[in-house]
Amino acid sequence: WSLPLGSGLRPGGLPQGAGGPGNPSLDSSCFSSPAVNFLQELPSYRSVARRRTAILSRDRQSGTLLKPTDSYSSHLEGGITENLNSQSIRKYALNISEKRRLRDIQETQMKYLSEWDQWKRYSSKSWKRFLEKAHEMTTHLELWREDIRSIEGKFGTGIQSYFSFLRFLVLLNLVIFLIIFMLVLLPIFLTKYKITNSSFVLIPFKDMDIQCTAYPISSSGLIYFYSYIIDLLSGTGFLEGTSLFYGHYTIDGVKFQNFTYDLPLAYLLSTIAYLALSLLWIVKRSVEGFKINLIRSEEHFQSYCNKIFAGWDFCITNRSTADLKHSSLRYELRADLEEERIRQKIAERTSEETIRIYSLRLFLNCIVLAVLVACFYAIYIATIFSQEHMKKEIDKMVFGENLLILYLPSIVITLANFITPMIFAKIIHYEDYSPGFEIRLTILRCVFMRLATICVLVFTLGSKITSCDNGTCELCGYNQKLYPCWETQVGQEMYKLMIFDFIIILAVTLFVDFPRKKVRPICVPAGMPECADFASWKLHSLICIFSFLFFPQLSLLYTCRPSPRQFRASNSNFFFLLVLLIGLCLAIIPLTISMSRIPSSKACGPFTNFNTTWEVIPRTVSTFPSSLQSLVHGITSEAFAVPFFMIICLGFTLSVMGSHWRVLSRSQIRDKRYLIQKLTEAQGDMRN
Amino acid sequence: MGGSGSRLSKELLAEYQDLTFLTKQEILLAHKRFCELLPQEHRSVEESLRAQVPFEQILSLPELKANPFKERICRVFSTSPTRDSLSFEDFLDLLSVFSDTATPDIKSHYAFRIFDFDDDGTLNREDLSRLVNCLTGEGEDTRLSVSEMKQLVDNVSSRAREREGRLGLWLKLSLPQILEESDIDRDGTINLSEFQHVISRSPDFASSFKIVL
């Protein structure tokens, strides 16, 4: 009784699992060990094995298979042929003494090789060793390696992925800071402190209305002692003159020995550069997550297998964390059963019940919408009130009242972001969704709320800047009475928002989380996306990120107990990156609008000689030779460049996703075709 | 002659670096921690390489103490004839498989052996249900609270029975789907290749299957 499977398999060197005689169907006894060969013949497995460093080597002539990771006991004597792979020994799943024997055998075999082969093997080995040493060196440079490792041990991989994400944000911000520093600040510092022999170039204004260029700097006279604190907290006064704000850059160029460094151009190009870099880096990092989360064909199967085979974090060292992990896994089982129960319930719903549920959901969604609109309106009113009353004299106001008015938009935004999640959580109970969907919908609503509040703030400011008393602003193009230097003032609003966020996080950590230590087991990363949106906010975003890193860590270590819901690393990674990506795209939109549509302020900043910020580029292009000029005019125009760029990025992401999807389905089709072919072959053999 | 100055020789270190995925620092740290488990008089280099540390002491390491699979891990990596102790090289093997740089194939191979509770080369229903028991903390090493012990003893452990009932229900729900997904040859069990195939599509496996000293 030979093996029923046909010519494709030659399992030399392995124990022959002869099929049970007289058994016409292909049952398990035929497949006990040839099945292993069989599966490794599958095209998809072979292509995967080819992509990774192959553990098995296949000799085409004799058909022997060396599968060191397959058997429990070593098959060293039986399976080795001349075609022994020079892969490193460590990739074999044997214990150390067996690996030693294998290595000795390899070395004796090496003697029979030609000089050239020997030298090739030796050099590849030493190259690999060198790479490993280099890799080791670079891992030492990794920021906060020990801290994140200890977090992993104490809290599991879910929380650790959040902190790795924060570390990524810090690095991103550092790189952005370096770009800005190199391109914009460095020439200024070099000239100011006379390090190089260069001078500033100041081009005077040409026929501009004197009203546009008037910029009343803060009042002289009696300065109260607390005005410094107000300046620090609101970004006015002495802080306004620093490089933190746009208004500081009044220089039109820096003249070095051989050339003139065009500062407005550098400013604009550095902005575009770091936005493009952030976008590309985030997309690159999130491609893996997209592949897993969006191309999941069978959500349930994968999640079951993933749940039990990859369910336990082996790095947990803490007994209490282990107990928490056990309870969260039990919770997940309960949630699965609940989901199943609800799915059955939904399947059994009568039509009138369905109508009732849908109308209830419609009604509740309207309530959600109403809540959102109310919050947006509140922010709008608060911003307008704050902007109009900010200009009052300091001595006419009480200290606290002044600060309150300055921070009114930030306070309202924070309050709104605090209250709405609670409202949403209450509402979603009545909507009768499955638990998994409930959570996702709530998170979606909260994230939307956070991002939208920032948009409303920006929109309000934008509308205030471009509207004057008499309708459209003909004099200067913007409302120069209220906003002589509007870029700086928008920046100040963002600065206040950031400072307020920082203070709130500090206060919540110190005054709420510590007392709440053993009472409420909730540990959700909050407040982070806003900060990430304004990653473009120069070097001070570094401070923001640092604060988020260290204070949550402290809070985590002393107060937090992870939430009962399983916080899986792959899911959360994808979610953070997605929110970051959306935030970045949302931040790019007002930036491009203000750069190209709103005239730059004439009283401050490097773009006083241009109509809009974007005008720098056409003016620079007009200094190019004429052939280049016509080419550039051809491919770029304001309305073309930005959407084109975004389409490129989107197309890139989609193509990556598409290629993964195609590979997945193609491999499945190939597998099926192969199996059908083998099956028919086997049936044909058996009939003979 | 045990002392603080005992270190592995350079050749031995280089050899271990070749045969495992560990770096030099990791091997030295492993040796240090292994020696701490030995009695004071036997901590020299030669003796540490020959010594066999019984399971109870290995399981007292903080990295393994909280792990529900700790006995299985020790049993899989043990090469002693009685399979109840680990030598230093077994310990290095263990750390190598669980290190950051180990290949996913190695990890999935050993994960299969760890999850195969009855050591028969396949994962059957019994193995999977014991696996789920371990995950939910109701396995062999569950520490029951005093009241739960009393309940069990009184044989009125409704909560334990409820848990068991829930577990059984979950297994009834999920096992067919797990087997549907992973059991390619439809023999009711998962063998190594099928397991490796399923694991290769699991996004969390590589990051969770890690132990670092």
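Helices here are DSSP runs of H or I of at least four residues, and strands are runs of E of at least two, numbered from the N terminus. On that basis, chain B has 13 helices and 2 strands. Keep in mind throughout that this is a predicted model.

I'll stay with chain B for a moment. It has 213 residues, and 55% of them count as buried. Its accessible surface is about 9,400 Å², with carbon and sulfur atoms accounting for 52% of that. If you take the contacts in chain B between residues at least 6 apart in sequence, 57% of them join residues at least 24 apart.

Now chain A. Here we have 23 helices and 5 strands. Chain A runs to 688 residues, 45% of them buried. The accessible surface comes to about 36,900 Å², and 65% of it belongs to carbon and sulfur atoms. For contacts between residues at least 6 apart in sequence, the fraction joining residues at least 24 apart is 73% in chain A.

Next, the interface. On the chain B side, 78 residues are in contact with 62 residues of chain A. The size of an interface is often given as the accessible area lost when the parts come together. For chain B and chain A the buried area is about 6,500 Å², and carbon and sulfur atoms give 61% of it. Which three residues supply more than any other three of the area that chain B buries against chain A? They are B:Leu19, B:Leu135 and B:Trp170, and together they supply 11%.

On to the polar side of the interface. Between the two chains there are 5 salt bridges. One salt bridge joins the side chains of B:Glu15 and A:Arg100, with an N to O distance of 2.6 Å. The count of residue pairs in polar contact between chain B and chain A, both at pLDDT 80 or more, is 12.

As for what chain B presents to chain A, the elements giving two or more residues include helix 1 (10-19), helix 7 (88-97), helix 9 (125-135) and helix 11 (158-182) of chain B. The largest share, 11 residues, comes from helix 11 of chain B. By class, the side of chain B that touches chain A has 36 nonpolar, 20 polar and 22 charged residues.

Most residues other than glycine have a negative phi. A:Asp432 is not a glycine, yet its phi is positive, about 60°. A:Asp432 sits in the loop between helix 15 (408-430) and helix 16 (435-465) of chain A. Its relative accessible area is 21%, so A:Asp432 is partly exposed. In chain B, B:Asp119 also has a positive phi, near 55°. That residue, B:Asp119, lies in the loop between helix 8 and helix 9 of chain B, and is partly exposed because its relative accessible area is 40%.

Is B:Thr189 buried or exposed? It counts as buried, because its relative accessibility of 16% falls under the 20% cut-off. B:Thr189 is in the loop between helix 11 and helix 12 of chain B. Beyond its neighbours within four places in sequence, B:Thr189 is in contact with B:Thr122, B:Leu123, B:Asn124, B:Asp183 and B:Glu194.

Last, A:Met646, in helix 23 (residues 638-687) of chain A. At 33% relative accessibility, A:Met646 counts as partly exposed. The C-alpha atoms of A:Met646 and A:Pro590 are separated by 15 Å, and the two residues are 56 residues apart along the chain.

Key. Residues are numbered from 1 along each chain as its sequence is written. Chains are lettered from A and ligands numbered from 1 in the order in which they are written. This is a predicted model: local features need pLDDT of at least 70, side-chain atom pairs count only at pLDDT 80 or more; totals for chains, interfaces and linings use all residues. Side-chain values use heavy atoms; hydrogens and water are left out. Contact means heavy atoms within 4.5 Å. Buried area is the accessible area (1.4 Å probe) that two parts lose on being put together, summed over both. A salt bridge is a side-chain nitrogen of Lys or Arg within 4 Å of a carboxyl oxygen of Asp or Glu. A polar contact is a pair of N or O atoms within 3.5 Å; within protein, one must be able to donate a hydrogen and the other to accept it, and residues adjacent in sequence count only if both atoms are side-chain atoms. Ala, Val, Leu, Ile, Met, Phe, Trp, Tyr, Cys and Pro count as nonpolar, Asp, Glu, Lys and Arg as charged, and the others, Gly among them, as polar. Buried means under 20% relative accessible area, exposed over 50%, partly exposed in between (1.4 Å probe, protein chains only). Accessible areas come from the Shrake-Rupley method with a 1.4 Å probe; for residues, only the protein chains shown count as cover.
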